[in-house]
Amino acid sequence: MEKNKWIPFLVTFVISFIGGAVFLLIHMPIPWLLGPMVAVFLAARIGKMKLYWPVQLRNSGLIIVGYTIGLSFTKPALIQIVHQLPSMLLMTVLTIAISALFAILISKLTGVEYPTILTGSIPGGLSQMITLGEEIKGLDLTVVTFLQVTRLMMIIFIVPLLITSPLFAVGDLYAVSSKISAEWSNLFPAIIIFAVGSVVFALLGKKAKLPTPYLLGPIIGTAIINLGVVHGPSLPATLTNLSQFLMGGYIGLLMKPDQLKNKGKIITFSLISGFILILTSFGLSFLLVTLHHVTNITSFLSVAPGGMDQMGIIAHAVHADLSIVTGYQLFRIFFIFFIVPPLLKWYFKRHYRKRKQYN
């Protein structure tokens with residue numbers, strides 16, 4: 001780390017820790033993810049403080065989460081995931097279609113071109129959509145980033161509150177599950193094999209240009225080792241909390257509303273769009289329960305338009321079916337990574353060609 005970044009990092013670290021501690025004291029769900037995220041966002045935007053969070057720390061947190069998720073991929077879980085592939089396709093297409101339709105309304109009300117709003121509204125592919133926004137001329141990258149990050153932050157914050165509320169009838173499930181953790185003495189020596197494997201697969205995933213390689217790589221590596229070599233130990237609560245902390249500080253710095261043009265309308269409709277997506281996933285979760293008889297919490301987290309890492313953390317905290325949640329989230333990530341960009345590029349070329357003809 002550069003010398004001039006140490007002080008901003010230490011300030012950010014302290015603010016993140018205070019945020020996590022406060023959220024823990026007031027019994028908020030997922031305190032070490034939400035607390036740092038909110039505290040850093042407020043300090044950066046309201047306090048106008050110069051903050052810094054190394055991406056390497058975020059990546060370390062992703063590796064820990066990837067290991068936890070990878071452990072859930074047992075043989076029965078994989079069979080169940082294969083059985084639900086048609087439902088995964090259905091849920092993904094419905095979610096993207098509803099997002100695309102609502103993007104038309106936002107485009108008309110804000111005056112921002114539809115291709116920009118559409119790219120910012122595709123759920124579950126933050127890095128992929130931002131990269132796409134950089135590649136295609138004519139898109140407003142600031143708006144794309146803001147829409148994607150707003151949705152992500154809303155889902156990370158609202159989903160834990162929803163699933164730990166009476167609406168899902170889980171009561172104090174989070175408080176109970178947070179007390180259930182593995183012993184440090186049970187980690188060794190098996191954890192050494194998994195730690196090395198997770199890091200190696202993360203690096204291989206990056207080299208292979210997989211989406212979210214520091215998460216997906218450890219998931220694949222852990223699942224392979226767990227199924228074929230040795231059973232991996234569960235992590236102590238301290239390590240899972242650490243993974244949340246390492247990610248929370250980074251996410252809090254992502255949103256930069258001061259860079260927006262037409263700020264008021266974009267912020268308002270970003271929030272409305274986020275709520276619509278949450279309501280959409282809430283409705284789709286009932287369809288999933290009907291199709292496969294999974295629990296309400298598992299179905300909601302499976303179709304929630306958030307990141308796989310955040311949904312994995314939440315699923316682990318409330319004892320949802322982690323393999324099913326990850327299966328649906330992973331399917332959407334690959335669908336967005338491989339299918340959506342070519343379709344959008346084709347549509348945008350057609351859109352801009354037509355606009356030139358009329359002009």
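**Close-up views of a predicted all-chain model**

Of the 359 residues in the protein, 53% are buried, where buried means under 20% relative accessible area, exposed over 50% and partly exposed in between (1.4 Å probe, protein chains only). This is a predicted model, in which local features need pLDDT of at least 70 and side-chain atom pairs count only at pLDDT 80 or more, while totals for chains, interfaces and linings use all residues. Residues are numbered from 1 along each chain as its sequence is written, and side-chain values use heavy atoms, with hydrogens and water left out.

View 1. P218 belongs to helix α11, residues 213-228, helices being DSSP runs of H or I with at least four residues, numbered from the N terminus. With a relative accessibility of 0%, P218 counts as buried. Beyond its neighbours within four places in sequence, P218 is in contact with I63, G66, Y67, S198, F201, A202 and P213, a contact being heavy atoms within 4.5 Å. Although P218 and Y67 are 151 residues apart along the chain, their C-alpha atoms are separated by 5.5 Å.

View 2. T116 is placed in helix α6, which spans residues 114-121, and is buried at a relative accessible area of 2%. When residues up to four places away in sequence are not counted, T116 touches G138, L139, D140, V143, V144 and L147.

View 3. The bond from F188 to P189 is cis, with omega near 0°, and P189 itself lies in the loop between α9 (173-177) and α10 (190-207). Most residues other than glycine have a negative phi, and most peptide bonds are trans.

**View 4. Two histidines with positive phi.** H27, in the loop between α1 (3-25) and α2 (31-45), has a positive phi near 60° and is exposed, with a relative accessible area of 70%. H319 also has a positive phi, of about 60°, although it is not a glycine; H319 lies in the loop between α15 (308-317) and α16 (322-338) and is partly exposed at 48% relative accessible area.

**View 5. A positive patch that includes R353.** K349, R350, R353 and K354 gather on the surface in a patch of positive charge, for which residues need over 30% relative accessible area and no salt bridge, like charges being joined within 9 Å. A salt bridge is a side-chain nitrogen of Lys or Arg within 4 Å of a carboxyl oxygen of Asp or Glu. R353 is found in helix α17 (residues 340-358) and is partly exposed, with a relative accessible area of 48%.

Note on methods:
Patches are made of residues with over 30% relative accessible area and no salt bridge: like charges are joined within 9 Å, nonpolar side chains (Val, Leu, Ile, Met, Phe, Trp, Tyr) within 5 Å. Accessible areas come from the Shrake-Rupley method with a 1.4 Å probe; for residues, only the protein chains shown count as cover. Lys and Arg count as positive and Asp and Glu as negative; His and the chain ends are not counted. The place of a charge is taken as NZ of Lys, CZ of Arg, CG of Asp or CD of Glu.
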